[in-house]
Amino acid sequence: MSTAPRLAFLKGHGTENDFVIVPDLDGRLELSAATVARICDRRAGIGGDGLIRVVRSSAHPEAQAMADQAEWFMDYRNSDGSIAEMCGNGVRVFARYLQRAGLVEAGDLAIATRAGVRRAHIAKDAGDGDAQPGEATAGSDGPITVVMGEATLPEPGPEGEVTVTVGDHSWPARNVNMGNPHAVAFVDDLAQAGDLFTAPAVRPAAVYPNGTNVEFVVDRSPRHVAMRVHERGSGETRSCGTGACAVMVAAARRDGADPAVTGHPVTYTVDVPGGRLVISERPDGTVEMTGPAVIVAEGEIDPSWLGTDLG
């Protein structure tokens, strides 16, 4: 029997975008891409759209410069083990874990990511009337709002307009960057996106040298859209927080709404297969996302199953 310490984990999701959470507060673990992919395997592992390692910013070389702004760093990996800059739903789940673990209280907090520091607000439970101000409870389920930063909408370069292709169908797409890249295509029917098991073709490839997330969007009603997404490194997921933000900004510009011009914020409801997110853009360009985050399980991974691949 292995005498190596077992690896603690939790499982959580935000609008069914699900993650394996690995607390590594002092930054002692080295999780290889192969190990992350094995953990995220839905048949032979725990299963998840990605893995979130929880580390003190001061203990991680990529986050030390942000340690004076944010105590905690979200080391996010896609389900194939590749490193990602950001994950909007993951930030909410990360915040929920910190609250559950008693590391933060309900209210405002800062989280370091590879895309920079993100601000979050954890709402108190509606049913926690007896709780003390700021007190966190293990069962907290109030919505979490994340300040996602500003969207960048690069103009078409010499390579030309972005297009997305699935089978025989092609659509123009809007290039939106939310700290990670997105190609947003408005379609007539979400079924046109196909099965999304493989990445849709995006051209010109030079626009996205490291690949991109691809969102397919339909209108539901004024300022209300629905989307499906192929996440880079993960395939189709039930939700994508940065993708929902990219969709909201692309839809607003398509509809002629730009808060920087009007001086008024604009809010869209974005339905994803796993639920609903509310996205707002402020006149200063700041994008905010509000939605649920739930921790559903916790346990330990037997190190003999992982082997010695913990660095």
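Predicted model: local features only at pLDDT ≥ 70, side-chain atom pairs only at ≥ 80, totals over all residues.
Reader: Which residue meets the side chain of D255 in a salt bridge?

Author: The N to O distance in this pair is 3.0 Å, and a salt bridge requires a distance within 4 Å.

Reader: Is R53 buried or exposed?

Author: Buried means a relative accessible area under 20%. The value for R53 is 5%. R53 therefore counts as buried.

Reader: How far apart in sequence are the parts that the pair of R53 and D24 ties together?

Author: The side chains of R53 and D24 form a salt bridge, at 2.6 Å from N to O. R53 belongs to strand β3 (residues 50-56), whereas D24 sits in the loop between β2 (17-23) and α1 (33-40), so the pair links parts whose separation in sequence is 29 residues.

Reader: What is the distance between the closest N and O atoms of E288 and R282?

Author: E288 is partly exposed at 22% relative accessibility, and R282 is partly exposed at 30%. Their salt bridge has its closest N and O atoms at a separation of 3.1 Å.

Reader: Which residues do salt bridges with shared partners join into one network?

Author: D24, which takes part in the salt bridge with R53, is buried at 7% relative accessible area. Through shared partners, salt bridges connect into one network the residues D24, R53, E62, D75, R77 and R114.

Note on methods:
Residues numbered from 1 in each chain as written. Heavy atoms only, no water. Helix = DSSP H or I, 4+ residues; strand = E, 2+ residues; numbered from the N terminus. Buried < 20%, exposed > 50% of the residue type's maximum accessible area, 1.4 Å probe, protein only.
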